[in-house]
There are 2 protein chains.
Amino acid sequence: MDKINIALLGLGNVGGGVFEILKTNIEEIQERSGCDIQISKILVRNPNKKRCVDVPEELITTNPDDIFNDESIKIVVEVMGGIDPAKEYMIKAMKKKKHVVTANKLVIATTGAELIRTAKEEGVRFCYEASVAGGIPIINGINESLTANKIEEIIGIINGTTNYILTKMYLDNMDFGTALKEAQDKGYAEADPTSDVEGFDAVYKLSILTYLAFGKLVNPDLVYREGISKIDAMDIEYAKEFGYVIKLLAIVKDDNGVLELRVHPTMIPERHPLANVNDSFNAILIKGNAVGELMMYGRGAGDLPTGSAVVADVISIVRNVNDPIFKLSESKSGNLKRIRKMEETTSEYYIRITVKDEPGVLGRISSILGAHNVSLLSVIQKGKRQEYVTLVFVTHKTLEGNINKSIEEINSLSFVDKVENIIRVEKME
Amino acid sequence: MDKINIALLGLGNVGGGVFEILKTNIEEIQERSGCDIQISKILVRNPNKKRCVDVPEELITTNPDDIFNDESIKIVVEVMGGIDPAKEYMIKAMKKKKHVVTANKLVIATTGAELIRTAKEEGVRFCYEASVAGGIPIINGINESLTANKIEEIIGIINGTTNYILTKMYLDNMDFGTALKEAQDKGYAEADPTSDVEGFDAVYKLSILTYLAFGKLVNPDLVYREGISKIDAMDIEYAKEFGYVIKLLAIVKDDNGVLELRVHPTMIPERHPLANVNDSFNAILIKGNAVGELMMYGRGAGDLPTGSAVVADVISIVRNVNDPIFKLSESKSGNLKRIRKMEETTSEYYIRITVKDEPGVLGRISSILGAHNVSLLSVIQKGKRQEYVTLVFVTHKTLEGNINKSIEEINSLSFVDKVENIIRVEKME
């Protein structure tokens, strides 16, 4: 198997995630890329800093030229953040004919065009899926999957911090200050939360989405922006009264050639899919003239979700360099042993039974379930005294085989008219 | 600009959509593909059949060899459906060194491996994004964007017909038969609805997703399958009582090498994102060990959504053939005229004002709003008699400029203490 050397610029949160994913999922990544992808150098500012990942010392360097001048390194992954020196380093890497992957929204939103141009001139690939909405493949989505569409509108919840705060305010009746404090304690908000809370972060991401969807570079300073710090608990209460949820939306739409961009708190109907995007999750709704409404929902930040997007970009480059045509075949790694039989699956079950209304019926059925290790979460008996009544059971998690055996026995009881329905219940946790 | 000739096999619902999209979005598609993509032949069974699209007569042929033997045709788009002769035609096209795009879930689920192998042998690309969940880019998502992940689980609502029926049963309290009838009247369900209603269609799609995510070909006949025809209105009522929604889920999970596949009606918590996927929409939730939870939501069927996926595959092939490296630059087509000023945007507005509790206050503020063409949807005045009270207004759709002028005047009123907050309301229609 060919070996491909890559280098990381930076080893913070996202860099650690990339390192971790390449280690943990090595088998899958080898199979999907056809190559052995190795991190051969990592640039850090302070080699003595404690890291959350365990990196061999010989990979670490503080001299960027060690990377630029190493011809064995084919791909440079920029995960240091900020504009300086990240931008300069990316351009240097491209001039050394290295492909570049970045997670840096600030650089893309402000000087992305220059980087894309440089990549073109140097004949290298430049990928930045991780720069918007972390693990959600929105950039690939627009660039690759929605190419047949005239995109009409994008509406996104693209800042996890503010969404976490608004969720706490809505579901737990917290005020803004308390929710912000909790977000900071959980690591969702920074000590200085201005960039998130006042909508700057969302504006950068909206600028990138606008570029991708409408081919138009809009300076982030020109985008209308309103944060969430002025949202009062009282506004949340009124929103509830009207059947709305308040979300910080980033919106861009093309109205017959007039482009409208804005980031601001918005009341939306509580049954809308975007209204149910909670906690630090992100979601992006796109309207295209062919596809209609398309929404993607997922983790917009965090080491592993963002790392997932970065590593996917790396794999995409590796595939393209090696063999642009073939991308999938049946797995050879042989991890899969067999297909599970239904009776070995577990679930909770809803069971509806029509029985004759006789004394002891409920006890008898419950005993049968109990004898097969099926324990009950709820039982409902409804209906006035008449010949037949409906019994509804909801079980705790149990083996389907136990349910099958119970039902067989229950069916044979003289007072059971019919087991009307059995429906699996998934808590979706 | 290079011209690329493609041919359609079939001109039904999806074929018509492909034709329409290539015509309507020609400018965007030229810009994104770098080529002029032309349909040069269309194979139909009956040339005299009335079509919903207006196709030039000279494109129509009833002889497949007209397409296979035409060396100018580089890409064949199979949108005829069924296994025979679709599969044979695709293999013939590949042997003639033509790339193939298909929307055919039945062929992919049952003999996809053979087609993929043939494409490899012939050195052509074979794309089938449209075969699962119409316009939702789930195949590209798994194949391209989630390559860094060990996929743990996929849970999907991947049949629009059953989801429409279950939505009607849940939201409008219809019984199964009435909802099915309505689905048929609206064209969501076929005259013989068995394939949808009994879960066969979902099983085919689940087989394809399983292949992509786990590299394992599972014969659709081996997948556990339960349809929705036995769901009674009474079950829906009980589900509501327990806080659940019933959805037809297609589930595949990898539990340490044991693969579990099943399609069956399932009760899920009403606040879960999948529970709010209504009508004929589809959604697919993927859990990966790096990305966490990722959900895609959109139109799973229909001429234009499915056509959107087919044409994206065509564009992807065209780009790859021409220039695999460069995929995006600033738009040159110049459709965009300008960026809209905020005062020209329209929205509904929530406005919260603290005022001195004097007679005539509400009338005065309402008059100012009216004078600026801001009409009101709701007004709430709360609080007992005290020096200050809260007024909340929700407006109908209006220009932001009118709101700004109104607020300026309202702010100058002696009895207004403060305009506390203005929040835009979007109905998301």
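**Strands and charges across the A–B interface**

Strand E13 (residues 338–339) of chain A runs parallel to strand E10 (residues 258–269) of chain B, and 2 bridges join them. Strands here are DSSP runs of at least two residues, helices (H or I) are runs of at least four, and both are numbered from the N terminus. Two strands count as paired if DSSP finds at least two bridges between them. Ile339(A) has Leu259(B) as its bridge partner in E10(B).

This is a predicted model: local features need pLDDT of at least 70, side-chain atom pairs count only at pLDDT 80 or more, and totals for chains, interfaces and linings use all residues. Residues are numbered from 1 along each chain as its sequence is written, chains are lettered from A and ligands numbered from 1 in the order in which they are written, and side-chain values use heavy atoms, with hydrogens and water left out.

E18(A) is joined to E10(B) by 2 bridges, and the two run parallel. Here Val425(A) has Met267(B) as its bridge partner. Within chain A, strand E18 (residues 416–425) pairs with strand E14 (residues 346–356) in the antiparallel sense, over 8 bridges. In that pairing, Val355(A) stands opposite Val416(A).

Now take the interface as a whole. In contact (heavy atoms within 4.5 Å) are 125 residues of chain A and 127 residues of chain B. The buried area is about 11,500 Å², and carbon and sulfur atoms give 55% of it. Buried area is the accessible area (1.4 Å probe) that two parts lose on being put together, summed over both.

What about charge? Side chains of opposite charge can pair when their charged atoms come close. A salt bridge needs a side-chain nitrogen of Lys or Arg within 4 Å of a carboxyl oxygen of Asp or Glu. The whole structure holds 48 salt bridges over all chains. The rule finds 14 across the interface of chain A and chain B. One of them links Lys150(B) to Glu28(A), with the closest N and O atoms 3.9 Å apart. Lys150(B) lies in the loop between helix H6 (138–145) and strand E7 (151–157) of chain B, and Glu28(A) in helix H2 (residues 26–33) of chain A, so the pair joins two chains. Arg424(B) forms a salt bridge with Glu226(A), and there the closest N and O atoms are 3.1 Å apart. On the side of chain A that touches chain B, strand E10 (residues 258–269) of chain A gives the most, with 11 residues.
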